[in-house]
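Work through these exercises with the sequence and the model side by side. Try each task before reading its solution.

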Amino acid sequence: MLTKENLIGRWQLIVAEMTIADKMTDSFDPNREMIKHFTESGHFYFYSKTADRVPFSASVTDEERLAASKTLDTGGGRFTLEGETYTEWVEFCSYPNYEGKAISFSLSLDGDTLTQQGPYPLRMLGFAEQDGYVKEVYKRIEK
């Protein structure tokens with residue numbers, strides 16, 4: 001049985017697929033590490049980063065900030081789990097379109113493999129003219 005306690009810990013993304021209008025796209029980028037963390041207090045956060053992040057110079061230019069923003073994505077907030085329905089209440093995100101939004105998915109757990117999937121509200125987020133369907137698979141890396 002899937003419970004909040006089963007989720008607690010760190011998970012690494014190993015599969016990511018997005019389907020829009022019956023066209024599936026493999027959106028997993030092997031050059032990025034994506035980690036999702038669930039806490040006992042009912043919070044989640046994620047980060048996705050490239051391995052080749054360049055340190056800032058002493059002056060920290062706008063160009064350096066822009067380049068760095070393309071190598072790190074973050075977000076987090078609260079989550080609820082009711083049966084297999086998992087809802088993220090996004091409080092902060094490097095993509096402001098997500099902030100203040102609630103997005104629900106179906107979760108399933110098989111050993112140390114977590115699958116998160118369901119309709120993806122691309123229209124509500126302002127990213128596309130129609131919604132998609134997302135499937136992400138994670139492997140537990142830490143309890």
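**Exercise 1.** Which residues does Leu114 touch, not counting residues up to four places away in sequence?

*Solution.* This is a predicted model, where local features need pLDDT of at least 70, side-chain atom pairs count only at pLDDT 80 or more, and totals for chains, interfaces and linings use all residues. Residues are numbered from 1 along each chain as its sequence is written, and side-chain values use heavy atoms, without hydrogens and water. Contact means heavy atoms within 4.5 Å. Leu114 touches Leu7, Trp11, Phe38, Leu107, Ser108, Leu109, Glu136, Val137 and Tyr138.

**Exercise 2.** How many residues has the largest nonpolar core, and which element gives the most to this core?

*Solution.* A nonpolar core is a set of buried (under 20% relative accessible area, 1.4 Å probe, protein chains only) Ala, Val, Leu, Ile, Met, Phe, Trp, Tyr and Cys residues joined through side-chain atoms within 4.5 Å. The largest has 24 residues. Those with the most contacts inside it include Leu7, Phe38, Tyr86 and Leu114. Among the elements that each supply at least two residues are strands E1 (9-20) and E9 (132-142) and helix H3 (122-125). E1 gives the most, with four residues. Helices (H or I, at least four residues) and strands (E, at least two) are DSSP runs, numbered from the N terminus.

**Exercise 3.** Which cluster do ring pairs link around Phe38?

*Solution.* Rings of Phe, Tyr and Trp (its six-membered ring) pair if their centres lie within 6.5 Å; planes over 60 degrees apart count as edge-to-face. The whole structure holds seven aromatic pairs. Phe38 and Phe79 have ring centres 5.3 Å apart and planes at 80 degrees, so they are edge-to-face. Phe38 and Phe79 are both buried. Phe38 and Tyr86 are also edge-to-face, because their planes stand at 80 degrees, with centres 5.8 Å apart. That pair links strands E3 and E6, 48 residues apart. The cluster is Phe38, Phe79 and Tyr86.

Methods: Buried means under 20% relative accessible area, exposed over 50%, partly exposed in between (1.4 Å probe, protein chains only). Rings of Phe, Tyr and Trp (its six-membered ring) pair if their centres lie within 6.5 Å; planes under 30 degrees apart count as stacked, over 60 as edge-to-face and the rest as tilted.
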